[in-house]
Amino acid sequence: MSMRTTIKSLQKIMRPDIGVDGDAQRIAQLCWMFFLKIIDDQDQELELLSDKYRSPIPEHLQWRNWAADPEGMTGDPLLTFVNNDLFPSLKSVSANDNKRARVVRSVFSKATNYMKSGQLLRQVVNAIDGIDFNDLAQRQHFGEMYEQFLNDLQSAGNAGEYYTPRGVTSFMTKMIDPKPGETLLDPACGTGGFLTCAIRHMKEKYVKRPEDEAGMQKSFRAVEKKHLPHMLAVTNMLLHGIEDPSFVHHDNTLARPYVSWGTSERVDIVLTNPPFGGREETGIESNFPQHFRTRETADLFLALIIRLLKPGGRAAVVLPDGSLFGENVKTRLKEHLLEECNLHTIVRLPNSVFKPYASIGTNLLFFEKGRATREIWYWEHLVPQGQKHYSMTKPINMDHFSDCMEWWGGKNRKGRVECERAWKVDAEEIKAHGYNLDIRNPHTEGEDYGDPEVLLRELNEAETDVNSVREQLKSALAEALLR
């Protein structure tokens, strides 16, 4: 059975179960089972390599001892074991200095067994047990299927916010060109898309010797605030051959005071798509200097990213159009960015790239810390001819960036020329216009959208209305839960 068929069959088995409601819960349910199977396969391999190795999972809870027998526990006894023994024990597994134990405990800290049918649960377990994650070919194939599995999150309600299209992450990673030994951070890692792209990039281009592999394994830093994507990201790292995924922290990067990030924590590379359009909880903004304080998540992340880069460090960040032309805190942030970093390239994406989760224009900002910006190159990415927009059935992919990569100009970006898709703007011109980075393509006639000040005022009013409705919905939900 192919991996794609396996995943489809797993989802089909789960559909009749009355406890699983929708794709997001199906994905969360499958994820903790994938995790236990993968880590048990790894444990068995590590036990063969070292007599001293001990699994962090108690013996009777190891996959091989309760799940591997296709004629083993089923029905109510299986449900009782999972709900009353497996989950409580793994949520409180003793960690001490054992990094793998900490990974297990963090993954299960808020995990849930949604299934109510022990018979269906046994069928799912048996199907997963047929995958050998120590077989390199099977693991690589399953890793590709897992990426598609994560893509399904886009149709799983709010879970879509955790997924950045593979074409975008691959392009950004290729342009940043991470190398083994360089510290790479994603402060809002979602399901780990940028991390897996960096792993593939380094393995294809730089990992030739055991010391290269060791350098790559130690390269990564990541944080994810929400439990489901954190669990998906940790499993993703295991699938891609990362031996110790404990670097993926389940936390809110913004909850830590800005000034507490010291020089020893600076990184060489930041690759990220920080959440945008959302608001942080009250009080988070107080962790930042007064002139950067806002509840807009993307703005806070931008301020922190600039601080976290080492001198000479480089970053690629996804930001919405509003971050380019916004005022007040956004203006101060852009001024800080242009003074502290060389913002050398902005790739402007059409508003269909993140559909159906978001339908707004987005931008890829590439910058390096340590030298002020002198000029900014813009590249306008267009939907392919014959296609009106990107969609779930016709998503953006790496091939769509081939013309931009050809224009890019190599490591030093020399030889760039202006064309119908590319133009250059002097930093002094940006400053003279109030640090407005929303510069339209001068080579096209473009539609006149009206006065920018009026548009900005209307956007701010719309955001206020949306936030008001959001607060009303939260209050209504809270009242409903108390009834």
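Me: Helices are DSSP runs of H or I with at least four residues, strands are DSSP runs of E with at least two, and both are numbered from the N terminus. With that settled, where is Arg 413 found?

Reply: Arg 413 is found in the loop between helix α15 (402–408) and strand β9 (422–426). A word on the source: this is a predicted model, where local features need pLDDT of at least 70, side-chain atom pairs count only at pLDDT 80 or more, and totals for chains, interfaces and linings use all residues. Residues are numbered from 1 along each chain as its sequence is written, and side-chain values use heavy atoms, with hydrogens and water left out.

Me: Why is Arg 413 called buried?

Reply: Buried means under 20% relative accessible area, exposed means over 50%, and partly exposed lies in between (1.4 Å probe, protein chains only). Arg 413 has a relative accessible area of 17%, so it counts as buried. Its phi is positive, about 55°, although Arg 413 is not a glycine.

Me: What makes Asp 177 count as buried?

Reply: The relative accessible area of Asp 177 is 16%, and therefore Asp 177 is buried. Asp 177 sits in the loop between α8 (166–176) and β1. Asp 177 also has a positive phi, about 60°, without being a glycine.

Me: And why does Gln 217 count as buried?

Reply: Its relative accessibility is 15%, so Gln 217 is buried. Gln 217 belongs to helix α10 (residues 210–217).

Me: What joins the side chains of Gln 217 and Glu 213?

Reply: A polar contact of 2.8 Å. The term asks for a pair of N or O atoms within 3.5 Å; within protein, one must be able to donate a hydrogen and the other to accept it, and residues adjacent in sequence count only if both atoms are side-chain atoms. Beyond its neighbours within four places in sequence, Gln 217 is in contact (heavy atoms within 4.5 Å) with Gly 241, Ile 242, Glu 243 and Asp 244.

Me: How do you know that β1 and β2 pair?

Reply: Pairing takes at least two bridges found by DSSP between two strands. Strand β1 (residues 184–186) and β2 have three, in the parallel sense, with Leu 184 opposite Phe 220 in β2. Strand β2 also runs parallel to β3 (residues 248–250), joined by three bridges, and there Ala 222 stands opposite Val 248.

Me: What makes strand β2 mostly covered?

Reply: Of the five residues in β2 (residues 220–224), four are buried.

Me: Which unit do β2, helix α11 and β3 make?

Reply: With α11 covering residues 227–239, they make a right-handed β-α-β unit. Right-handed means that, with the strands pointing away from the viewer, the path from the first strand over the helix to the second runs clockwise.
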